[in-house]
Amino acid sequence: MKSFKKKVAVITGAGSGIGRYLAILLAKNGADVCVCDINKKTLDETVNILRKYNVSVSSHILDVSNKESIKELPKKVMEHHGKVDMVFNNAGVNNGSHFKDMKEESWDWVMSINFEGVVNSTRAFIPHMINNSEAAIVNISSIFGIVAVPGQSAYHASKFGVRGFTESLALEMKQTNPNFQIHCVHPGHIGTNIAAATRISDEDYKKMQEMNTRSSFFRRNQPKTHQEMGELFKKGGMHPSKAANIILNGIKKNKSKIFVGLDAKLLDLSQRLFPNHYHKTWIFFVPLLMLFRNKKPLKSID
Ligand SMILES: NC(=O)c1ccc[n+]([C@@H]2O[C@H](COP(=O)([O-])OP(=O)(O)OC[C@H]3O[C@@H](n4cnc5c(N)ncnc54)[C@H](O)[C@@H]3O)[C@@H](O)[C@H]2O)c1
């Protein structure tokens, strides 16, 4: 897909972070956008930002884990925009506790949004895009869909799942309609609200930090509360506008795997070179990466 002009793009989780900037950059490039989020307030903020672009915008309060709501979405998009060219399955959450301490509901919450949400939406939209001369489904996994750390088992299961699902779908689609692009995105650390929105009590957060402190030297200067961690996470990562820009460039170049950030690329490399011991290599480059974060917003974003 060489241009986004006059395309219709659906973006889930567009009320914040990467999803919001995908919507802004697509609108800036002349695409009509359908933005969806579970959070009405932040979704309305995104819609307000999009008003300054001369494109058609529709918005839906939507929980991607709700199969029935997702099933109804393509019809609504077709009614408003007349077609759909691109779907960004971006909505995502994290819980963050060791598996033995994790409540079953907490596991189900992460899997139902991060994994089932992606599958539900892909299933719902494919029939409406399969005969397009150009189409793209963009599933947001993570570098945590490639390497694993402790305290993230649900997140890893969901993101490794998205990767497997998307890679298989991409191969199938090459046989069915080679113009239908399927992308799997692996961001590294992006400075968004995802850590602040993590469902974890301060007590569980402390417990997890204590467990991880014994096993990793990186934890020594870690934040003491979940809230503090959320703020630091947002400040420390690549600006989400830059992440969105990298994703859109990857789509233009038809890259089936899109790595976002040097951290994502290096962690992927460590896993390929040292599949059994990749964690041991991180000590050499993770501290360096901390110094070279792309924290400033994209220049073309005001
Ligand atoms: N920030 C990072 O470092 C990072 C790294 C790798 C992957 N990712 C992935 O990128 C995607 C975007 O995350 P972000 O970092 O921009 O986070 P974010 O918290 O800023 O945005 C996520 C959005 O998803 C929405 N959402 C949550 N549950 C939903 C549901 N059930 N239905 C619909 N919307 C829902 C939230 O309201 C929020 O607006 C996620 O899939 C995340 O896992 C993020």
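Are helices α1 and α8 parallel or oblique to each other? The model examined here is a predicted one, in which local features need pLDDT of at least 70, side-chain atom pairs count only at pLDDT 80 or more, and totals for chains, interfaces and linings use all residues. Residues are numbered from 1 along each chain as its sequence is written.

Helix α1 covers residues 17-28 and α8 covers residues 240-252; their axes sit 8 Å apart and meet at an angle of about 60 degrees. Axes here are lines fitted to C-alpha atoms, for helices over the stretch in contact, with angles running from 0 to 180 degrees between N-to-C directions. Helices (H or I, at least four residues) and strands (E, at least two) are DSSP runs, numbered from the N terminus. The two helices, α1 and α8, are therefore oblique to each other; under 35 degrees counts as roughly parallel, over 145 as roughly antiparallel, 65 to 115 as roughly perpendicular, and the rest as oblique. On the α1 side, the contact uses Gly17, Ile18, Tyr21, Leu22 and Leu25, while α8 brings residues including Pro240, Ala244 and Leu248. Being in contact takes C-beta atoms, placed from the backbone, within 7 Å. Sorted by class, this contact has nine nonpolar residues, three polar and no charged. Ala, Val, Leu, Ile, Met, Phe, Trp, Tyr, Cys and Pro count as nonpolar, Asp, Glu, Lys and Arg as charged, and the others, Gly among them, as polar.

Helix α1 also has a partner in α2 (residues 40-50), with axes that come within 10 Å and cross at roughly 20 degrees. That is why α1 and α2 are roughly parallel to each other. Here Arg20, Ala23, Ile24 and Ala27 of α1 meet Thr46, Ile49 and Leu50 of α2, a set with five nonpolar, one polar and one charged residues.

The ligand brings α1 up again: with three residues, α1 gives the most to the shell around the ligand. By class, that shell has 13 nonpolar, 16 polar and two charged residues.

Then there is the sheet, an open one of seven parallel strands in the order β3-β2-β1-β4-β5-β6-β7. Strands β3 (57-61) and β7 (257-260) are at the edges with a single partner strand each, so one side of each has no neighbour in the sheet. From one strand to the next, the twist averages 15 degrees. Strand β6 (residues 180-187) pairs with β7 over four bridges, in the parallel sense; pairing requires at least two bridges found by DSSP between two strands.

Key:
Contact = placed C-beta atoms within 7 Å.
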